[in-house]
Amino acid sequence: MNDIIDSHAHLDDNRFSMDRADVIARMEEYRIIMAINPGANYESSKKALRLAKKYPEKIKAAVGTHPHDADEVNLLLLEEYEKMAKDPDVVAIGEIGLDYYYDNCDREVQKNAFRMQLDLAEKLNLPVIIHNRDSDGDMVEILSEYQGRLRGVIHSFTGSVEMAKRYTNLGFYLGFGGVVTFKNARKVVESAAWVPLERLLIETDAPYLTPVPHRGKRNEPSYVRYTAEKIAEIKGIHVAQITGYSKRNAMDLFGLR
Ligand SMILES: [Zn+2]
């Protein structure tokens, strides 16, 4: 295996509180040279930054509020995020977006919080990490408004080839995770077959969406290799192509060196 970057992992999650150091040590064993740890709200954004400070060689943070907590987003919080984002260990605004599957917050509140955080990313010239579930219509509409002014990734992409084309045409990377290894994952397999290597990121979304053969257990960055292997198999190319391109893409997008 070559060096790999896990472009999306929630290592601040409580499910890692008993053995976080071991999980991070296992990254090295499998040549996961870095994980991007997005925040999901103010509290976890602070935790993400603290982790990046503790492991500056291995973890970079993003700060932002997930649509589930969209009602916490206000001007004061944005000021806080702006201060945090001045830290060189913060490499993106995220994860932000829309979630019409759970609908934990009113959709107008979600859209407003999303736009405010997209504006912040544009102001700070940082990439965005986007969560999108059952909300393609509004997502495409909003991202089109920002076309050419923002860069980022549609994380945990599980959509059709048609949607994959729309998001890459808008300049976004697509983040593929464990779902691609699931038995009934037809749509996302087709999209993985289609996605140009120049637009591909790989991720775990740990502790969620654990790939086969560990499906059902807690996910962790070292498992990103299963996703890389599966995408290589789907595309009929060597896994080093997948890890190589996705690493370079992550470094470009997040400005890593
Ligand atoms: Zn996530």
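Reply:

**Helix H2 and the zinc site**

In sequence, the donor residues of the zinc ion follow the spacing H-x1-H-x84-E-x109-D. The model is a predicted one. The protein donors are His 8 (NE2), His 10 (NE2), Glu 95 (OE) and Asp 205 (OD), at 2.1 to 2.4 Å from the zinc ion. The angles among the four donor atoms run from 85 to 177 degrees, and the site is irregular. For four tetrahedral donors, the ideal angle at a metal is 109.5 degrees. Both His 8 and His 10 are buried.

Next comes helix H2, residues 42-54. At 1.5 Å a residue, its 13 residues should span 18 Å, and the end C-alpha atoms of H2 are 19 Å apart, which agrees. At the start of H2, a side-chain oxygen of Asn 41 comes to within 3.2 Å of the backbone nitrogen of Glu 43.

The buried residues in H2 are Ser 44, Ser 45, Ala 48, Leu 49, Leu 51 and Ala 52. They cover an arc of only 160 degrees around the axis, so they lie on the same side of H2. An α-helix has 3.6 residues a turn, so residues three or four places apart point the same way. The face of H2 turned away from the buried side carries Arg 50 and Lys 54, which are exposed.

The cover over the buried residues of H2 includes helix H1 (20-29), helix H3 (75-85), strand S2 (32-38), strand S3 (59-63) and strand S4 (90-99).

Technical notes
Residues numbered from 1 in each chain as written. Predicted model: local features only at pLDDT ≥ 70, side-chain atom pairs only at ≥ 80, totals over all residues. Heavy atoms only, no water. Donors = N, O, S within 2.8 Å, 3.2 Å for Na, K, Ca; no water. Tetrahedral: all angles 85-135°; square planar, octahedral: opposite > 155°, others 65-115°. Buried < 20%, exposed > 50% of the residue type's maximum accessible area, 1.4 Å probe, protein only. Helix = DSSP H or I, 4+ residues; strand = E, 2+ residues; numbered from the N terminus. Expected span 1.5 Å × (residues − 1). Arc of directions from axis to C-beta. Contact = heavy atoms within 4.5 Å. Polar contact = N/O pair within 3.5 Å; in protein donor to acceptor, adjacent residues only side chain to side chain.
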